[in-house]
Amino acid sequence: GPEYRVHRSTVEVSAEGRTRVAVALERYTDLPSQGWISGDTHIHLPRDQVDEAAVQIQAAAEDVHVGIILQMGNISGVHFSQPAFGELGRYEEDGYVIVSGQEDPRTGHRGHTMHFNLDRPIHQTPSSYFLYHEVFEESQRQGGVSGYAHLAPWFNPRRGLALDVPFALVDFLEVLQYGRLNTDIWYDFLNLGFRLVPAAGSDYPYLDLPGAVRQYVKIEGPATPEAWFEAFKAGRTYVTNGPFVELSVGDRSMGEEMEVEAGTRVEVVAEARLNPDVDRLDRLELVVLGEVVATEPARGRDRITLRTQVTVSESLWLAARAYGAQESRDGMTVAHTTPVYVVVDSIPTWNADAVTQLVARYQGELREMMETPIDPEEDLETWETRELLLAHWEHQRELLRERVEEAHGRLQSILIRAGR
């Protein structure tokens, strides 16, 4: 993991026998001692029993303290079944725990969803599979944490988000995956005034190794799974595949809100570190309402601090992101914090200048979801889902129509309230 330095040494192995080598790994930093606990929110591995050491050790070996093992569903059934959920589904050794969750429902027509910290799994029947809101609502009743996977251009998540976010059902978006930070959709909803937490998931074994991307969550007190999920949902977190970041606005930190009067100048401090064995640190950026307003170059340093003041004339959100030297279409070294929300006169932290365009965009996504014929080839397990998708979508589309109209109206109300 990125908290450890790379060890290099030369070893001689004789032809007569074995050579035993003991290596004491050197830390670059010790984040758990500072309250930052790592997690990978998207791992698929089957478990026949809860205390499956072969599964737990795959996360622990990569220094992932919370590995969320997802039961994966489709309209036909489930894969990567988990033996239990809730406390009964957790297995911990030496401070490394695996917990059960689900990636379900998931369709190519309206996106893949993920649900954590459930007491029991929630799998819809084919006749209600496209009614995602029923799963989100049941997750809320169970005290779960719910969101959308794959913010990359796969599986049409914009459609599902356009329908579920306006009803306050979505807690997080998976923005970091396979070496890419995908912020476009996330920034859209932040700029509409919705507060969504960033998530990072490896999607092992499909895309990457466990911990290749990860989530650091700040916990006060004992590092229990309950505390981890509570802090994650509250936004005390950042995503990364290398850099470590901190952000404070005045006396507030990631995920928190502060109220100020118009014209107030707030002090912003962001910090970034990057283990030089992972990559060379390049820069640290401050993002306000989706735009970079300040940059601190690394200039060969592995630790940098950005200090600035921002004059707050209207409600806004601020976040920090850090980059390493690797930054290409094939992948990047990057980290991104949850925003701090600064509120003026109780107005939501939307981007008023962008609201008109964004509302039109997501109202268009609602229309597209309802009008576009279902394409079974967009699903991953087409061989088992094709006939069910074709058989059930038309009826469920009609069941969704009233809810789609209400979501359209809720988006329209943002325009009205923003005076646009």
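Which backbone atom lies 3.1 Å from a polar atom of the side chain of Thr-224?

Guide: That's the backbone nitrogen of Ala-227, 3.1 Å from a polar atom of the Thr-224 side chain. It's a polar contact (N or O atoms within 3.5 Å; within protein one must be able to donate a hydrogen and the other to accept it, and residues adjacent in sequence count only if both atoms are side-chain atoms).

Before we go on: this is a predicted model, where local features need pLDDT of at least 70 and side-chain atom pairs count only at pLDDT 80 or more, while totals for chains, interfaces and linings use all residues. Residues are numbered from 1 along each chain as its sequence is written, and side-chain values use heavy atoms, leaving out hydrogens and water.

Back to Thr-224, which sits in the loop between strand 11 (214–218) and helix 5 (225–234). Helices (H or I, at least four residues) and strands (E, at least two) are DSSP runs, numbered from the N terminus. At 32% relative accessibility, Thr-224 is partly exposed; buried would be under 20% and exposed over 50%, with partly exposed in between (1.4 Å probe, protein chains only). Val-66 is 158 residues away from Thr-224 in sequence, yet the two are 9.5 Å apart in space, C-alpha to C-alpha.

Now for another loop residue, Gln-82, found between strand 3 (78–79) and strand 4 (91–93). Gln-82 is buried, at 8% relative accessibility. A polar atom of the Gln-82 side chain lies 2.9 Å from the backbone oxygen of Leu-45. Beyond its neighbours within four places in sequence, Gln-82 is in contact (heavy atoms within 4.5 Å) with Leu-45, Pro-46, Arg-47, Ile-69, Gln-71 and Ser-100.

Ser-100 turns up again in the lining of the largest cavity, along with Gly-86, Arg-90, Val-99, Asn-117, Leu-118 and Phe-229. That cavity holds about 40 Å³ of space.

Next, the rings. There are 19 aromatic pairs, meaning rings of Phe, Tyr and Trp (its six-membered ring) with centres within 6.5 Å; planes under 30 degrees apart are stacked, over 60 edge-to-face and the rest tilted. Take Trp-36 and Tyr-238: with centres 5.2 Å apart and planes at 65°, the pair is edge-to-face. Trp-36 belongs to strand 1 (residues 36–43) and Tyr-238 to strand 12 (residues 237–240), so the pair ties together parts 202 residues apart in sequence. Trp-36 is buried at 4%, and Tyr-238 is buried at 1% relative accessible area. Trp-186 and Tyr-187 pair up too, with centres 5.7 Å apart and planes at 40°, so this pair is tilted. Here Trp-186 is buried at 0% and Tyr-187 at 8%. One aromatic cluster brings Trp-36 and Tyr-238 together with Tyr-28, Tyr-216 and Phe-244.

Last stop: helix 2 (residues 132–141), where Tyr-132, His-133, Val-135, Phe-136, Glu-138 and Ser-139 are buried. Their cover includes strand 5 (96–107), strand 6 (111–116), strand 7 (145–148), helix 3 (157–164) and helix 7 (382–417). Arg-110 lies over the face of Tyr-132, 3.9 Å from the ring centre. Just past helix 2, Gly-143 takes a positive phi of about 80°.

Notes: A charge sits over a ring if NZ of Lys or CZ of Arg is within 6 Å of the ring centre and within 35 degrees of the ring normal. On a 1 Å grid over the protein atoms alone, a cavity is a set of points where a 1.4 Å probe fits but cannot get out, and a pocket is an open set with protein on both sides within 12 Å along at least five of seven lines; lining residues have an atom within 4 Å of a point. Grid points are joined across faces, edges and corners, and a volume is the space filled by probe spheres set on the points.
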